[in-house]
Amino acid sequence: MSAPARDAIWIHASCIAIAGAGILIRGASGAGKSTLALLILDRAALTDRSAGLVGDDRIGLTRLGDTILARPHPALGARIEVRGVGLLEATAASGSAPLRLVVDLVAARPRLPDAPMTGIDLLGLPLPGLTLDPATLRSGLAPRLVLDALAACQGVTGGTDGSVLRFPKPSEP
């Protein structure tokens, strides 16, 4: 395996790609990042959407102009942790993906936030952000919310047909 790219920053997160659009999932250890990634990939597979795992646990982020590319850590590739089962190979995305949405898993969230999506500053670029809490994850709504939020993001052209919820464009960070 090759060494991680020097120009990348490495963060603790999971990342998937739907029709080439990267979704970065951040949160504390045990928050459900890998579980949410697998649930979204499962939903995509059921609806014949092009989808794959970019990486799990350690994601490299590189800014190229107005785009942030996410890629897997070379030591992990397209393996994902399934708690209580171990590391398993997953359907892989094509190596890297441009980020279009950041999902933050947090301990608590207001019942009625000011806006459903917020702006996130990542490597000096604004990206749409969606914040979810454990109750949302337990409810089973999280994959639907993430896919429909992705449909509202700039630069997303495919793989989001069948949206149920209409998200407004996110505010700037």
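Residues are numbered from 1 along each chain as its sequence is written, and side-chain values use heavy atoms, with hydrogens and water left out. Because the model is predicted, local features need pLDDT of at least 70 and side-chain atom pairs count only at pLDDT 80 or more, while totals for chains, interfaces and linings use all residues.

## Salt bridges

Let's begin with the charged pairs. The structure holds 2 salt bridges (a side-chain nitrogen of Lys or Arg within 4 Å of a carboxyl oxygen of Asp or Glu). Helices (H or I, at least four residues) and strands (E, at least two) are DSSP runs, numbered from the N terminus. Both pairs are set out here.

| Salt bridge | N to O distance | Location |
|---|---|---|
| D104 and R26 | 2.7 Å | strand 7 (residues 97-105) and strand 2 (residues 21-27), 78 residues apart |
| R144 and D148 | 2.6 Å | helix 3 (residues 142-151), 4 residues apart |

The D104 and R26 pair links distant parts of the chain. D104 is buried, at 14% relative accessible area, whereas R26 is partly exposed, at 22%. For these words, buried means under 20% relative accessible area, exposed over 50%, and partly exposed in between (1.4 Å probe, protein chains only). Leaving aside neighbours within four places in sequence, D104 is in contact with R26, I120, L130, T131 and L132, where contact means heavy atoms within 4.5 Å.

The spacing of R144 and D148 is about one turn of the helix. An α-helix has 3.6 residues a turn, so residues three or four places apart point the same way. R144 is buried at 14% relative accessible area, and D148 is buried at 2%.

In soluble globular proteins, nonpolar side chains tend to be buried together. A nonpolar core is a set of buried Ala, Val, Leu, Ile, Met, Phe, Trp, Tyr and Cys residues joined through side-chain atoms within 4.5 Å. Here the largest nonpolar core has 29 residues, and those with the most contacts inside it are I23, L36, L101, V103, L130, L132 and V146. Strand 1, strand 2, helix 1, strand 7, strand 9 (125-132) and helix 3 each supply at least two residues of this core. Its largest share, 6 residues, comes from helix 3.

Beyond its neighbours within four places in sequence, L132 is in contact with residues including L36, V103, D104, L145 and V146. Apart from this core lies another, of 16 residues, among them L24, I59, I68 and L122.

## The second largest pocket

The second largest pocket has a volume of about 300 Å³. On a 1 Å grid over the protein atoms alone, a pocket is an open set of points where a 1.4 Å probe fits, with protein on both sides within 12 Å along at least five of seven lines; lining residues have an atom within 4 Å of a point. Grid points are joined across faces, edges and corners, and a volume is the space filled by probe spheres set on the points.

Of the 16 residues that line the second largest pocket, the closest to its centre are G30, K33, S34, E81 and R83. Helix 1 gives the most to this lining, with 4 residues. By class, the lining has 4 nonpolar, 7 polar and 5 charged residues; Ala, Val, Leu, Ile, Met, Phe, Trp, Tyr, Cys and Pro count as nonpolar, Asp, Glu, Lys and Arg as charged, and the others, Gly among them, as polar.

## Loop residues

Most residues other than glycine have a negative phi. A19, in the loop between strand 1 and strand 2, has a positive phi of about 50° although it is not a glycine. A19 is partly exposed, at 36% relative accessibility. L123, in the loop between strand 8 (118-122) and strand 9, has a positive phi of about 55° and is partly exposed at 30%.

S50 lies in the loop between helix 1 and strand 3 and counts as exposed, at 51% relative accessibility. Leaving aside neighbours within four places in sequence, S50 is in contact with A17, I18 and A19.
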